[in-house]
Amino acid sequence: MLAGCGHQPQAGAVGHASAHASASPVPPPVAWTGLAAIDPCALLSPQDRSTAGVSVLGKPKDIAGARACDWTVPGTFGVTVTLSATDGLADLEVAKKTATRTKVGAHPALQVVDKKAADGTCAVLLGVGDAASVQIDVSNSGFSDTPLACRRAGTVAALVEPKLP
């Protein structure tokens with residue numbers, strides 16, 4: 001019996017050592033903080049959707065190789081959230097006359113709206129580090145009321161921003 005008891009602490013010691021060995025590979029994935037792990041459709045929870053006036057579930061999309069999610073509220077407006085893991089704010093082609101620098105939470109941002117066109121569309125682009133961004137596009141049905149589109153884009157940006165790296 002004593003021999004059996006003597007072996008148990010050794011087995012525990014071996015198990016403890018292997019726990020340390022298996023824990024060492026964990027930090028590299030945790031250290032990765034890019035957009036790759038984020039599902040764009042998960043960025044708006046049911047409560048977020050209610051706050052933003054979105055009564056429908058999002059549909060995954062691919063926009064020019066970037067992962068996106070689209071919420072279309074029939075007869076009212078649509079929101080698309082696009083994640084770019086390769087383009088920071090400085091890399092995006094935005095007409096200077098339509099962009100206004102701002103900040104949403106801790107992230108630098110651009111509000112993009114063509115006030116002259118008055119087409120009921122507005123976008124908020126959030127910088128995520130130097131080489132990634134999240135774009136929130138809002139289009140009102142009937143392509144009217146651009147200020148409302150910008151308020152909606154701002155609301156969605158404020159809901160999405162805390163979930164970004």
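**View 1. β5 and β6 are antiparallel neighbours joined by four bridges.** The model shown in this and the following views is predicted. Within this pair, Gln-111 has Val-124 of β6 as its bridge partner. Strand β5 covers residues 107–112, and β6 covers residues 121–127. Strands of a sheet are held in pairs by backbone hydrogen bonds, and the pairing can be parallel or antiparallel.

**View 2. β4 and β5 make a hairpin.** Six bridges connect these two strands, and the pairing is antiparallel. In another, Thr-100 has Gln-111 of β5 as its bridge partner. Gln-111 is also bridged to Val-124 in β6. Two residues lie between the strands of the hairpin, and Gly-105 in the turn has a positive phi of about 60 degrees.

**View 3. Seven strands form an open sheet.** Read across the sheet, the strand order is β1-β2-β3-β7-β6-β5-β4, and the pairing is antiparallel. The edge strands, β1 (59–63) and β4 (99–104), each pair on one side only. From one strand to the next, the twist averages 25 degrees.

**View 4. β1 pairs with β2 through five bridges.** The two strands run antiparallel. Asp-62 has Arg-67 in β2 as its bridge partner.

**View 5. Helix α4 packs on the sheet.** The helix spans residues 146–160 and touches β3, β4, β5, β6 and β7. The direction of α4 makes about 145 degrees with that of β7.

**View 6. Asp-48 and Lys-163 form a salt bridge.** The structure holds one salt bridge. In this pair, the closest N and O atoms are 2.2 Å apart. Asp-48 belongs to helix α3 (residues 46–52) and Lys-163 to the segment after α4, so the contact ties together parts that are 115 residues apart in sequence.

**View 7. The largest pocket has a volume of about 300 Å³.** Its lining is made up of 17 residues. Those nearest the centre are Ile-63, Ala-66, Thr-82, Leu-83 and Ser-84. Strands β2 (66–73), β3 (77–84) and β7 (133–140) are the elements that give two or more residues to the lining of this pocket. By type, the lining of the largest pocket divides into eight nonpolar, six polar and three charged residues. Empty space of this kind is found by rolling a probe the size of a water molecule over the atoms.

**View 8. The second largest pocket holds about 150 Å³ of space.** Leu-89, Ala-90, Leu-92, Val-94, Ala-99, Arg-101 and Leu-110 line the second largest pocket. Six of these residues are nonpolar, none is polar and one is charged.

How values were computed
Residues are numbered from 1 along each chain as its sequence is written. This is a predicted model: local features need pLDDT of at least 70, side-chain atom pairs count only at pLDDT 80 or more; totals for chains, interfaces and linings use all residues. Side-chain values use heavy atoms; hydrogens and water are left out. On a 1 Å grid over the protein atoms alone, a cavity is a set of points where a 1.4 Å probe fits but cannot get out, and a pocket is an open set with protein on both sides within 12 Å along at least five of seven lines; lining residues have an atom within 4 Å of a point. Grid points are joined across faces, edges and corners, and a volume is the space filled by probe spheres set on the points. Ala, Val, Leu, Ile, Met, Phe, Trp, Tyr, Cys and Pro count as nonpolar, Asp, Glu, Lys and Arg as charged, and the others, Gly among them, as polar. Two strands pair if DSSP finds at least two bridges between them. Axes are lines fitted to C-alpha atoms, for helices over the stretch in contact, and angles run from 0 to 180 degrees between N-to-C directions. Contact means heavy atoms within 4.5 Å. A salt bridge is a side-chain nitrogen of Lys or Arg within 4 Å of a carboxyl oxygen of Asp or Glu.
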